[in-house]
Amino acid sequence: MLRADMFEKAIVRALRQPRHFTLHNAPFDLQVIDHDFGVTIEELGPRAFDTRIMAHLLDPRQRHEGGRGLRLKELAEIYVDPTVPDTEKELHAIFRKEYKATRETGWALIDIDHRSMSSTPASTRSRPGACSTSSCRWSGTSG
């Protein structure tokens with residue numbers, strides 16, 4: 001199994017380069033990066049461009065409210081490629097069927113090498129992580 005800690009030095013070096021980074025829902029990603037890699041929010045935050053904030057400024061309404069939505073998948077359908085498959089729904093079905101898990105607990109259980117992931121182009125994969133409402137970690141995996 002591929003683990004993020006195998007590449008920790010390279011990840012930290014890349015994050016500390018004097019560049020800007022594009023994130024979707026940056027507050028979450030910045031907290032995970034700070035916690036797991038020690039690259040602080042204060043260090044990376046000023047160089048982070050948050051696409052969720054930009055989407056909110058364009059149209060703050062969720063899809064069920066008649067808007068474009070604010071989720072990355074919804075926005076990608078509009079601005080990138082409307083034909084990209086919704087692998088997140090497929091993964092949630094696997095959580096229920098194979099792991100008897102919920103949407104919230106399944107991410108921690110599914111292996112990044114699961115057969116469903118190998119048939120999905122890397123550019124369209126949802127990032128499996130071990131995140132829940134109470135904690136988030138990258139070990140064993142992937143915001």
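Begin by selecting Phe49, which is partly exposed with a relative accessible area of 41%; here buried means under 20% relative accessible area, exposed over 50%, and partly exposed in between, computed with a 1.4 Å probe and protein chains only. This is a predicted model, in which local features need pLDDT of at least 70 and side-chain atom pairs count only at pLDDT 80 or more, while totals for chains, interfaces and linings use all residues. Residues are numbered from 1 along each chain as its sequence is written, and side-chain values use heavy atoms, with hydrogens and water left out.

Phe49 sits in strand S2 (residues 48-50), where helices (H or I, at least four residues) and strands (E, at least two) are DSSP runs numbered from the N terminus. Helix H4 (residues 51-58) supplies the largest share of the patch, 3 residues.

From Thr51, move to Leu72: the two are 21 residues apart along the chain, and their C-alpha atoms are separated by 8.5 Å. Leu72 belongs to helix H5 (residues 72-79) and, at 51% relative accessibility, counts as exposed.

Next, turn to the charged side chains, for which a salt bridge is a side-chain nitrogen of Lys or Arg within 4 Å of a carboxyl oxygen of Asp or Glu. By this rule the count comes to 5 salt bridges. Select Arg61 and Asp59, whose side chains meet in one of them at 2.9 Å, N to O; Arg61 is partly exposed at 39% relative accessible area, whereas Asp59 counts as buried at 9%.

Arg63 and Glu77 are the pair to select next, their closest N and O atoms being 2.9 Å apart in a salt bridge. Arg63 lies in the loop between H4 and H5 and Glu77 in helix H5, so the pair ties together parts that are 14 residues apart in sequence. Arg63, with a relative accessible area of 38%, is partly exposed, and Glu77, at 25%, counts as partly exposed.

Then select Arg71 with Glu88, where a salt bridge brings the closest N and O atoms to 2.6 Å apart. Arg71 is in the loop between H4 and H5 and Glu88 in helix H6 (residues 87-99), so this pair ties together parts that are 17 residues apart in sequence. Arg71 is partly exposed at 40% relative accessible area, while Glu88, at 18%, counts as buried.

Finally, show the whole protein chain, whose secondary structure comes to 8 helices and 4 strands, running α-β-α-α-β-α-α-α-α-α-β-β from the N terminus on. Buried residues make up 32% of its 143 residues, and the accessible surface of the chain comes to about 9,400 Å², of which 57% belongs to carbon and sulfur atoms.

How values were computed. Areas by Shrake-Rupley, 256 points an atom, 1.4 Å probe, with all protein chains shown as cover.
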